[in-house]
Amino acid sequence: MRHLISPLDFSVEELDKLMDLANDIEATPEKYAHACAGKTLATLFYEPSTRTRLSHEAAMYNLGGNVLGFSSANSSSAAKGESVSDTLRMISCYADICAMRHPKEGAATVACKHSGIPVINAGDGGHQHPTQTLADLLTIRSLKGHLDNMTIGLCGDLKFGRTVHSLIHALVRYPGIRFVLISPEELKLPGYIRSDVLDKKNIPYEEVERLEDALPKLDLLYMTRVQKERFFNEEDYVRMKDFYILDAAKMKLAPEDMYVLHPLPRVNEISVEVDDDPRAAYFKQAQYGVYIRMALILTLLEIEV
């Protein structure tokens, strides 16, 4: 039985197969419409979510399966003090696979040790968000045609942004990847990721504060919001939340073939005027998230169509 706790749980070759399956699902959805008939996905969301929870649910429904679960810790027995390990033991009696989001880093690792069914980490604190990374990789490969030899700008909250952390871990396995890390001093990429991942693997990167300085050299821009829920006080959040705003004027500085990604939700870091730019790919990214999660569910349940 396999779980997905980190994007590194799948080899590059396995990721290619997963993305090939997602592309086939996109092309021939009717072929997969009953693949999970009689199977149930449990969504255990201890933290608020729109896209991640609903895309997992849509993925299972599109495969002909069923869904049960909760959308906040307050609506589960966690409010009574039930442990994650006990919840997983219990859910294993009701479902065939589960997707779990939790505010504590490492909660998904604890979950899989006590689960009788495959566990999908749908985000654990500021640590990892592997299914978003799978959606990101599928989006990049579908738009650019490859996942190697690119300069990728990561902009915004690089300190707490689990989507950024997961994406870095995944992309450094492809040759010719370069990063431009765009953030204020207070939200820089954690030192352990710089030293243990980028420096250790000799991945070229530079750190800049101004988005305008980075845009002309990018093949891809990955925007993130400043996450209010990760700040300890309101004052720091208010000071940081408008640090970067991508608008039409800034997009003029970017190459014609540079795509903009964002894990969503956005607050105001991407102006709505950018939505009409053909390089804006964040809503396509959300759609690709359904296809890759369908492929993941099939793979973890070992269902072949």
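**Arg266 and its partner**

I began with Arg266, which is partly exposed at a relative accessible area of 22%. For my notes, buried means under 20% relative accessible area, exposed over 50%, and partly exposed in between, using a 1.4 Å probe and protein chains only. The side chain of Arg266 meets that of Asp275 in a salt bridge, 2.6 Å from N to O. I take a salt bridge to be a side-chain nitrogen of Lys or Arg within 4 Å of a carboxyl oxygen of Asp or Glu. Asp275 is partly exposed too, with 26% relative accessibility.

Before going on, I noted that this is a predicted model, in which local features need pLDDT of at least 70 and side-chain atom pairs count only at pLDDT 80 or more, while totals for chains, interfaces and linings use all residues. Residues are numbered from 1 along each chain as its sequence is written, and side-chain values use heavy atoms, with hydrogens and water left out.

**Other salt bridges**

How many salt bridges does the structure hold? I find 14 of them. Side chains of opposite charge can pair when their charged atoms come close.

I looked up Lys31 next and found it bridged to Asp24, with the closest N and O atoms 2.7 Å apart. Lys31 is partly exposed at 42% relative accessibility, and Asp24 is partly exposed at 26%.

Then I turned to Asp86, whose salt bridge with Arg89 has its closest N and O atoms 3.2 Å apart. Both residues belong to helix H3 (residues 84-91) and are three residues apart, about one turn of the helix. My helices (H or I, at least four residues) and strands (E, at least two) are DSSP runs, numbered from the N terminus. An α-helix has 3.6 residues a turn, so residues three or four places apart point the same way. Asp86 is partly exposed with a relative accessible area of 39%, and Arg89 is partly exposed at 43%.

I also came across a network of salt bridges that links Glu185, Lys188, Arg194 and Glu207.

**Rings**

I counted three aromatic pairs in the structure. One of them is Tyr282 with Phe283, edge-to-face, at 5.3 Å centre to centre and 65° between the planes. The cut-offs I used: rings of Phe, Tyr and Trp (its six-membered ring) pair if their centres lie within 6.5 Å, and planes under 30 degrees apart count as stacked, over 60 as edge-to-face and the rest as tilted. Tyr282 is buried, with a relative accessible area of 1%.

Why is the pair of Tyr288 and Tyr291 edge-to-face? Their planes stand at 70°, so the pair is edge-to-face, and the ring centres are 6.3 Å apart. Both tyrosines sit in helix H11 (residues 282-300), three residues apart, about one turn of the helix. Tyr288 and Tyr291 are both buried.

I also looked at Arg2, whose charged end sits over the ring of Phe10, 4.4 Å from the ring centre. That label requires NZ of Lys or CZ of Arg within 6 Å of the ring centre and within 35 degrees of the ring normal.

**Helix H6**

Is helix H6 enclosed or open? In H6 (residues 162-171), 10 of the 10 residues are buried, so this helix is largely enclosed by the rest of the structure. Among them I noted Arg162, His165 and His169.

**Cysteines**

I found zero disulfides, a disulfide being a pair of cysteine sulfur atoms within 2.5 Å. Cys36 is in no disulfide, and its nearest cysteine sulfur, that of Cys98, is 14 Å away. Cys36 is buried at 0% relative accessibility, and Cys155 is buried at 0%.

**Loops and backbone**

Where is Pro216? I located Pro216 in the loop between helix H8 (211-214) and strand S8 (220-223). Pro216 is partly exposed, at 48%. Leaving aside neighbours within four places in sequence, Pro216 is in contact (heavy atoms within 4.5 Å) with Leu253 and Pro255. Its C-alpha atom is separated by 9.0 Å from that of Lys252, 36 residues apart along the chain.

I then checked the peptide bond from Leu264 to Pro265, which is cis with omega near 5°. Pro265 is in the loop between strand S9 (259-261) and H11.

Asn202 has a positive phi of about 55° although it is not a glycine. I placed Asn202 in the loop between helix H7 (191-199) and strand S7 (205-208), where it is exposed at 66%. My last entry is Glu302, a residue other than glycine with a positive phi near 60°. Glu302 lies in the segment after H11 and is exposed at 65% relative accessibility.
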